[in-house]
Amino acid sequence: MTRPPHSSKVVIVPCSGIGKTYGTVSREAAYDLTEDLRPEDTQLVALSMLVLGDESARCAVADNPAITIDGCKLACASKMVKESGGRVAQEIAVLDVYRRYKQFKPQGIAELNEGGLQLAQALAEEVAVTVDTLVSENKGGRNA
Amino acid sequence: MSEFLETTVDKFTFKVATDCLYNAEGIWAKAEGNRVRIGLSDFLQQHSGDVAFAEVKSIGNEVAYGDEIAAIETIKVNISLTSPVTGKVVEVNPAMSNAPEAINQDPYGAGWLAVVEPIDWAADKSRLLDPQAYFTKMKREAEQEVKKG
């Protein structure tokens, strides 16, 4: 089977937990990262597409380093990337990030409160640092 | 090493340590010499969700049976935890400030909350549930939760 073309980017796979505050934080952070902070270096892959076996999504995680953002300890995003043949460069749990930003208490589901949005932003900024490192390593590898 | 009563309700398995006594909300108390160690039951921690923060009354505080001895914030709720014993807090689990997930990972072991020096342990004991009684109560609550969906 021919793989669809894709560019080399860091793949971001957030939690798909619908109806859960921490899942919403993970997705909000992924949007912040892929749309605002590092649009050139990242690619958002929906967990549901991996679950469905979408070829493009599976190729993306198989060929690029992935950063997963899980909303709970079931860690569906991390597990699914691994099951899809991907390499998880960093696994992030929203709860761990919240422990570092106690002032940003997330609430809400469809719409996050201000604390939730700030937590998502903080999370995205942390992930951006990892993205920069991965991109730098990738460039270094290609130049070697 | 604790032994457990165990039941599976729906997809969840709950353990009740047989060497502890329990208050109605699911705080366990375990006598150790002249002191009592306390923590959350397996059912209470699973029902409450992943713990983000835990604050336990500091050493030297006196608590009465039924008074708040700790508060936890989980991904679902904020809960006030009441003391199953009257006495003075003499030890607090240091993990509560930097790794409160120990409550979820090992509720009857590394996830203990505090040690209290009781004033009248015999009186407190008489108000607590033995493991079988708590097991029955917990199982009923778990089954009701499943029915509620």
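Two strands are regarded as paired if DSSP finds at least two bridges between them; helices (H or I, at least four residues) and strands (E, at least two) are DSSP runs, numbered from the N terminus. The model is predicted: local features need pLDDT of at least 70, side-chain atom pairs count only at pLDDT 80 or more, and totals for chains, interfaces and linings use all residues. Residues are numbered from 1 along each chain as its sequence is written, while chains are lettered from A and ligands numbered from 1 in the order in which they are written.

Chain A contains an open sheet of four strands with parallel pairing, in the order β2-β1-β3-β4. Because β2 (42-44) and β4 (87-93) of chain A stand at the edges with a single partner strand each, one side of each has no neighbour in the sheet. From one strand to the next, the twist averages 25 degrees; such angles run from 0 to 180 degrees between N-to-C directions, and axes are lines fitted to C-alpha atoms, for helices over the stretch in contact.

Strand β1 (residues 10-14) of chain A runs parallel to β2(A) and is joined to it by three bridges. Within β2(A), A:T42 is the residue opposite A:V10. Helix α1 (residues 21-37) of chain A lies across β1, β2 and β3 (65-70) of chain A, at about 155 degrees to β1(A).

In chain B, strands β1 (residues 4-9) and β2 (residues 12-17) pair in the antiparallel sense over six bridges. B:K15 in β2(B) is the bridge partner of B:E6. Two residues lie between the strands of this hairpin, where B:D10 takes a positive phi near 55 degrees.

Four residues of chain B are in contact with seven residues of chain A, contact requiring C-beta atoms, placed from the backbone, within 7 Å.

Key
Contact = placed C-beta atoms within 7 Å.
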